[in-house]
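Subject: Structure for your review

Hello,

Please find the structure you asked about below. My notes on it follow.

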Amino acid sequence: QDTFQAPDYYNINDLLTEEHKLIREAARDWVKRDVSPIIEDAAQKAEFPKSIIRGLSDIGAFGPYIPEEYGGAGLDQISYGLIMQEIERGDSGVRSTASVQSSLVMFPIYAYGTEEQKKKYLPKLASGEFMGSFGLTEPNHGSNPGGMTTNFKDKGDHYVLNGAKMWISNAPFCDIAVVWAKNEEGRIHGLIVERGMEGFTTPETHNKWSLRASATGELIFDDVKVPKENLLPGKSGLGAPLSCLDSARYGIAWGAIGAAMDCYDTALRYAKERIQFDKPIAAYQLQQKKLAEMITEITKAQLMALRLGQLKNEGKATTAQISMAKRNNVEMAINIAREARQILGGMGITGDYSIMRHMMNLESVITYEGTHDIHLLITGMDITGIPAFK
Ligand code: TGC
Ligand code: FAD
């Protein structure tokens, strides 16, 4: 049974609206009921549990901030963050699926698509009838997506797409992919590629020790004919995919708090119950130091995420502010997972507890959506005005 109790040391709850709390409770209840009982088995088997797609849609995790007229939940950015926090409390892989669907597939179609594209795809993505993936990373271009070689040529009434994307969440089962590719002038555009188009394949990536309950794969394009109406006309250049990353990275800044809260809650409970040398291990200063530092770091991360959410609601959050929160909160979560695992001793390495799964998942979270190093360099560039990437 999932007995999770969310830590809220600074009464951050009081800063939320009634709507925020209702949305968070609905997501929390759903994770307890439908995710926690099945997720360890899915991770052990390295299978994405498709049974949760409907529930993700029901709690508003597919397009939380996309307007209701397109099937989204029409919520604010803090609600979006709270949903991501609760889902990642269950598992980072489940949050990945929601992040990709919302911020990397629905957002670019909503922001840069035509009215026809929005009507055709967004309601089906919001309901989970269509699942999407986002192809930016390539085998030879990860941190440097601007160097991509995937390309499309204008053939009169259609485009022909060639190339390959790697490390793509949801790829093995996606119905559509938002793919970033260069035209003949080398300008980056987004194209909607549909499963079934000839020459489009999505082989799964196996043998992952991280994010095992999320399906990862490649997107391979071998002379794929893409109708011209599938190009996203609203924005081109590297800034178009990077703007989608802003939204997903913001969600991760909240999501990581969920994983950290779960590790802390599990470790605190265990420390109070586990007796060694005739006392609960929570009575020893070394364990208290770990737990006290965890709750301090969680509280700082919660405040950072909430303030960032307020800035996002006002349309004022910058890319660099989002990078700082993603970087800080994921590192916070991975450190807490490692400390919490130690508090559980040998039990910490088993699947009877969620901590080791969170710890392994967070190795992906600290790498994708911009590595820990890249986010540090984004902060460095912002404060000095000098890009140190190249
Ligand atoms: P740079 O020259 O800095 O920028 C190119 C153009 O883009 C503009 N721009 C942005 N526009 C909107 N939003 C942003 N956040 C933007 N950041 C930059 C910029 O102004 C410029 O515009 P213009 O008009 O001057 O051309 O680009 P660069 O090539 O030097 O690269 C900068 C760098 C390294 C920060 C960027 O490439 C980067 O962020 N790299 C990391 C790649 C990354 O995060 N990939 C993620 C792939 S998706 C993923 O991981 C999904 S996991 C999903 C899950 O399961 O949750
Ligand atoms: P590299 O870019 O090769 O980096 C290797 C190391 O070099 C890192 O430590 C990095 O920080 C460092 N480094 C690179 N450049 C610099 C520099 N300029 N200065 C200092 N250090 C540097 N991508 C998508 O497009 N869509 C997805 O859905 C998606 N899902 C993913 C799911 C998973 C499970 C994983 C693991 C990845 C996913 N990615 C996805 C890809 C992810 O975004 C990339 O892995 C990430 O951007 C890093 O690229 P890379 O793996 O090629 O590493």
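I begin with the ligands. Ligand 1 has 27 residues around it, and the nearest are Ser96, Ser169, Gly239, Tyr368 and Gly370. Please keep in mind throughout that this is a predicted model.

Three helices each supply at least two residues of the shell around ligand 1: α4 (residues 92-112), α6 (239-273) and α10 (372-384). Of the elements, α6 gives the most to that shell, namely six residues. Sorted by class, the shell around ligand 1 holds 13 nonpolar residues, 12 polar ones and two charged ones.

Ligand 2 is surrounded by 20 residues, with Thr137, Gly142, Ser143, Thr371 and Asp373 the closest. Two or more residues of its shell come from each of β1 (132-135), β3 and α10. The most come from β3, which gives three. The shell around ligand 2 divides into nine nonpolar, nine polar and two charged residues.

The UniProt record, an unreviewed entry, gives "domain: Acyl-CoA dehydrogenase/oxidase C-terminal" for residues 236-381. In the model, that span is 75% helix and 3% strand, and its end C-alpha atoms lie 23 Å apart.

Two residues deserve a look at the backbone. Most residues other than glycine have a negative phi. Trp167 is not a glycine, yet its phi is positive, near 65 degrees. Trp167 sits in strand β3, which runs over residues 158-169.

Where is Phe277 found? Phe277 lies in the loop between β9 (275-276) and β10 (279-280). Phe277 has 7 C-beta neighbours inside 10 Å and therefore counts as exposed; the cut-off for that class is 12 or fewer.

Regards

Conventions
Residues are numbered from 1 along each chain as its sequence is written. Chains are lettered from A and ligands numbered from 1 in the order in which they are written. This is a predicted model: local features need pLDDT of at least 70, side-chain atom pairs count only at pLDDT 80 or more; totals for chains, interfaces and linings use all residues. Helices (H or I, at least four residues) and strands (E, at least two) are DSSP runs, numbered from the N terminus. A residue is buried if 20 or more other C-beta atoms lie within 10 Å of its own, exposed if 12 or fewer, and partly exposed in between; C-beta atoms are placed from the backbone. UniProt positions are given in the numbering used here, feature names are shortened, and annotations may be inferred rather than shown by experiment. A residue is near a molecule or strand if its C-beta atom, placed from the backbone, lies within 6 Å of it. Ala, Val, Leu, Ile, Met, Phe, Trp, Tyr, Cys and Pro count as nonpolar, Asp, Glu, Lys and Arg as charged, and the others, Gly among them, as polar.
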